[in-house]
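I opened this notebook to record what I looked up in one structure. The entries follow the order in which I consulted it.

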Amino acid sequence: ASDARADRAWDVWSLGITAIVLLTGEFPVPYQSAQNVMMLFACIHDLASGERNPESLLPSAEECTSVAMREMLLLCLQIDPKARPSCTDLLQHAFFSAGGESTPAQQKLKGP
């Protein structure tokens, strides 16, 4: 069960990174060359060690469509996987429920 939770925590992290790529058109850390791959590893090390804040990966306030989006991204990018919300909890975030109606994904998670 803990492996499944860890996998889902990585899914949540990946959602945050994917959302940033969709917003900006770029991966938050360059990685196209061998030198940039080393920069990527250094960034991951700095994030894991606490030397770099996950907020440094976020797009600018102008690129984020709302405060709720920025908050959602920060939740997804928590360094400690145990600190990231579950998929079910994340779907309850204001970013996903701004319209007031349950999304099909929320309804599926809630069950009949």
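The entries below go from model confidence to fold, core and individual side chains.

**Entry 1: conventions.** I worked with a predicted model, in which local features need pLDDT of at least 70, side-chain atom pairs count only at pLDDT 80 or more, and totals for chains, interfaces and linings use all residues. Residues are numbered from 1 along each chain as its sequence is written, and side-chain values use heavy atoms, with hydrogens and water left out.

**Entry 2: confidence.** I looked up pLDDT, the predictor's confidence in each residue from 0 to 100. The protein averages 76, and 71% of the residues score at least 70. Confidence is highest in helix 3 (residues 67–76), with a mean of 89, and lowest in helix 6 (residues 104–110), with a mean of 59.

**Entry 3: fold and surface.** I counted secondary structure as DSSP runs numbered from the N terminus, with helices (H or I) of at least four residues and strands (E) of at least two. The protein has 6 helices and 0 strands. I then took contact to mean heavy atoms within 4.5 Å. Of the contacts with a separation of 6 or more, 48% join residues 24 or more positions apart. The accessible surface (Shrake-Rupley method, 1.4 Å probe; for residues, only the protein chains shown count as cover) comes to about 7,300 Å², and carbon and sulfur atoms hold 58% of it.

Entry 4: I classed residues by relative accessible area: buried is under 20%, exposed over 50%, and partly exposed in between (1.4 Å probe, protein chains only). Buried residues make up 26% of the 112 residues. I next looked for nonpolar cores, that is, sets of buried Ala, Val, Leu, Ile, Met, Phe, Trp, Tyr and Cys residues joined through side-chain atoms within 4.5 Å. The largest has 16 residues, and Trp13, Ile20, Leu57, Leu73 and Leu77 have the most contacts inside it. Helix 1, helix 2 (34–49) and helix 3 each supply at least two residues of this core, and helix 1 gives the most, with 5.

**Entry 5: aromatic pairs.** I paired rings of Phe, Tyr and Trp (its six-membered ring) with centres within 6.5 Å; planes under 30 degrees apart are stacked, over 60 edge-to-face, and the rest tilted. This rule gives 2 aromatic pairs. Why is the pair of tryptophan 10 and tryptophan 13 edge-to-face? The ring planes stand at 75°, with the centres 6.4 Å apart, so the pair falls in that class. The two tryptophans are 3 residues apart in helix 1 (residues 2–24), which means a separation of about one helical turn. The second pair, phenylalanine 95 with phenylalanine 96, is also edge-to-face, at 5.0 Å between centres and 80° between planes.

**Entry 6: the tryptophans.** Tryptophan 10 is partly exposed at 47% relative accessible area, whereas tryptophan 13 is buried at 16%. Arginine 84 lies over the face of tryptophan 10, 5.0 Å from the ring centre; the criterion is NZ of Lys or CZ of Arg within 6 Å of the ring centre and within 35 degrees of the ring normal. Beyond four places in sequence, tryptophan 13 has contacts that include Leu57, Leu77 and Arg84.

**Entry 7: histidine 93.** I found histidine 93 in the loop between helix 4 (87–91) and helix 5 (94–97). Histidine 93 is buried, at 13% relative accessibility. Leaving out residues up to four places away in sequence, histidine 93 touches Ala68, Glu71, Met72 and Leu75.
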